[in-house]
Amino acid sequence: MPKPPSPRELLPLTPPVFHILLALADEECHGYGIMQDVARQTDGALQLGPGTLYGCLKRMLAAGLVEESDERPDPALDDERRRYYRMTALGRHVVRAEAQRLAGAVTAAISKRLLDRGKPSLAGGRA
Amino acid sequence: MPNPMANRAPTSVNISRLCRIYSALLYGYPREFRLQYGGAMQQLFRDRCRDLARTPGRLSLLQFSLNLAADWFGSIVRERIASQSVEFLARQARAIWSAGRKQTPRGLVTEWALTIVVYLFATTTLVQAYVVPTGSMEGNVMIGDHMLVDRAAFANPGSLGRRLLPYHDVQRGDIVVFLYPEDIRQTYVKRVIGLPGDRIRLVDKQVIRNGRRLMEPYTQHMAWPPDAYRDGFPTAPEASTTPRGRDMFQHHVIHGEAIVPADSLFVLGDNRENSEDSRYWGFVPRNYVVGKPLIVYWSYDAPTADLEEWSLAHALDVAQHFFTKTRWERTLLVPRSQRAQETGSVE
């Protein structure tokens with residue numbers, strides 16, 4: 001097993017990976033739950049398809065950002081083919097580092113008057 | 001005329017059908033990826049379909065189809081590249097050269113061959129693209145609609161597709177694409193009015209099926225001069241000009257009604273006064289049915305002649321007016337079956 005990479009090497013994260021980690025920040029989740037959460041986070045702008053989602057999860061598993069969970073928090077709605085994922089300590093570390101990096105970028109954008117403080121403006125293009 | 005039936009997301013009937021098609025599409029992925037995540041991906045696909053079915057709207061269906069196509073293609077390429085790094089390709093190439101001494105290189109060749117087979121299967125068995133050059137279905141299918149036809153939908157009895165894929169039998173109200181019986185080089189699209197055993201006649205433009213007047217929400221009528229043959233079928237057999245039309249009048253018109261024979265369909269255009277259909281050339285043999293319209297992928301406002309045969313003038317026209325003459329509102333529209341209401345008996 002290769003040594004897990006340091007969080008710095010993994011930055012910047014691609015948007016799907018970043019949003020998947022955000023979706024897993026609160027609790028473990030299955031694939032469809034992740035997809036719905038990502039759509040909510042981005043106001044529907046990022047709709048992960050099955051192939052993209054599981055492709056990302058495969059790579060995130062390999063990098064040690066997430067791990068598969070055996071627990072079934074929602075047995076009533078469950079299907080045995082559903083796979084649940086949870087974030088690892090490394091994953092939490094990486095998503096925090098990425099959020100800080102983005103926060104730095106946002107601060108810079110505010111100082112250049114591209115963004116109003118607190119509420120991002122979409123008028124000038126896609127945020 | 002807006003088509004109210006188009007604003008529907010996949011229904012429960014369609015969901016299992018879509019899921020089976022999607023599971024076939026999964027064969028495009030590398031084997032190990034498919035084995036590991038295929039089940040979960042199917043599950044996710046089904047969940048998504050169910051959610052869409054609960055929140056109708058053409059936009060969501062459109063988005064869903066586009067997303068899915070992009071996702072399928074993009075992630076297949078990505079997984080393929082991931083599973084075949086440069087190093088791996090080099091090893092495969094060496095293995096091909098030294099075939100016989102070592103194990104034969106299965107992975108690369110078989111995996112790509114499988115993708116090509118899935119693609120060919122999809123384009124020949126499942127769907128085929130057609131363009132509609134005439135206005136006999138105007139209102140629901142327009143001149144210049146380019147559409148994909150689902151060839152597996154009405155698989156003929158006994159065919160392989162019928163056992164492998166979801167299908168349902170042709171029903172009254174279905175829009176069908178079929179080979180024109182008088183000249184099978186042409187393909188027509190019409191709506192099914194009569195199934196085997198049905199008795200059909202028209203009285204003053206209204207269809208009477210098995211003695212019951214039909215209320216047909218999908219038809220469109222024109223204020224054209226009355227035509228006894230067209231509006232009062234089958235009362236004036238002498239006007240039928242084609243061999244099959246004459247055969248229908250000779251053998252299948254009894255007591256002023258056309259009786260649909262076994263393994264045949266009686267079809268009419270929605271644009272009743274401007275449609276050459278079963279009234280003129282008789283029944284459609286069941287095995288001439290190609291499929292049903294799946295989705296309009298492009299609708300372009302062009303004259304009939306240009307749509308029947310591509311010309312340089314038409315290519316230039318498309319190049320110049322692509323954005324203005326494309327009917328964007330029809331893009332990704334799904335032509336649907338619609339049932340006629342049967343009203344009181346007139347017998």
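Q: To begin with one residue, how exposed is B:Lys205?
A: This is a predicted model, and in it B:Lys205 is partly exposed, with a relative accessible area of 21%. That value falls in the partly exposed class because buried means under 20% and exposed means over 50%.

Q: Where in chain B is B:Lys205 found?
A: B:Lys205 is in the loop between β5 and β6 of chain B. Its phi is positive, about 75 degrees, although B:Lys205 is not a glycine.

Q: How do β5 and β6 of chain B pair?
A: Strand β5 (residues 199-203) and strand β6 (residues 206-209) of chain B pair in the antiparallel sense, over four bridges. Within this pairing, B:Arg201 stands opposite B:Ile208 in β6(B).

Q: What is the strand order of the sheet of six strands in chain B?
A: The order is β8-β9-β5-β6-β7-β13, in an open sheet with antiparallel pairing.

Q: Why is one side of β8 and of β13 in chain B left without a neighbour in the sheet?
A: β8 (253-254) and β13 (341-345) stand at the edges and have a single partner strand each, so one side of each lacks a neighbour in the sheet.

Q: Let us turn to chain A. How many helices and strands has chain A?
A: Chain A has five helices and three strands. Along the sequence, the pattern reads α-α-β-α-α-β-β-α.

Q: What is the order of the three strands in the open sheet of chain A?
A: The order is β1-β3-β2, with antiparallel pairing. The edge strands are β1 (29-30) and β2 (66-69), each of which pairs on one side only.

Q: How many bridges join β2(A) to β3 of chain A?
A: Four bridges join β2(A) to β3 (residues 84-87), and the two strands run antiparallel. A:Glu68 stands opposite A:Tyr85 in β3(A).

Q: What share of chain A is buried?
A: Buried residues make up 40% of the 127 residues in chain A. As for contacts in chain A between residues at least 6 apart in sequence, 56% join residues at least 24 apart.

Q: Is A:Asp43 buried or exposed?
A: A:Asp43 counts as exposed, at 75% relative accessibility. This follows because exposed means over 50% relative accessible area. A:Asp43 lies in the loop between α3 and α4 (50-63) of chain A, and it has a positive phi of about 55 degrees although it is not a glycine.

Q: Now the two chains together. How many residues of chain B are in contact with chain A?
A: 22 residues of chain B are in contact with 20 residues of chain A.

Q: How much area do chain B and chain A bury between them?
A: They bury about 1,900 Å² between them, and 53% of it is on carbon and sulfur atoms. In chain B, the residues that lose the most area to chain A are B:Tyr37, B:Gln43 and B:Leu44, together 30% of what that side buries.

Q: How many cavities of 30 Å³ or more are there?
A: There are two cavities of 30 Å³ or more.

Q: Which residues line the largest cavity?
A: Residues from both chains do, among them A:Gln47, A:Leu48, B:Phe45 and B:Arg48. The elements that give two or more residues to this lining are α2 (31-54) and α3 (58-83) of chain B. By class, the lining of the largest cavity has six nonpolar, three polar and one charged residues.

Q: Which element gives the most to the lining of the second largest cavity?
A: α2(B) gives the most, with four residues. The lining of the second largest cavity includes A:Tyr54, A:Arg82, B:Ala40 and B:Asp47, and it divides into four nonpolar, three polar and three charged residues.

Q: One last topic: is B:Phe283 buried or exposed?
A: B:Phe283 is buried, with a relative accessible area of 7%. B:Phe283 lies in the loop between α9 (278-281) and β11 (284-285) of chain B. Leaving aside residues up to four places away in sequence, B:Phe283 touches residues including B:Pro181, B:Met248, B:Ile259 and B:Phe266.

Note on methods: Residues numbered from 1 in each chain as written. Chains lettered and ligands numbered in written order. Predicted model: local features only at pLDDT ≥ 70, side-chain atom pairs only at ≥ 80, totals over all residues. Heavy atoms only, no water. Pairing = 2+ DSSP bridges. 1 Å grid on protein atoms, 1.4 Å probe; cavity = no way out; pocket = protein on both sides within 12 Å on 5 of 7 lines; lining within 4 Å. Points joined across faces, edges and corners; volume = space filled by probe spheres on them. Nonpolar A, V, L, I, M, F, W, Y, C, P; charged D, E, K, R; others polar. Buried < 20%, exposed > 50% of the residue type's maximum accessible area, 1.4 Å probe, protein only. Contact = heavy atoms within 4.5 Å. Buried area = accessible area lost by both parts, 1.4 Å probe.
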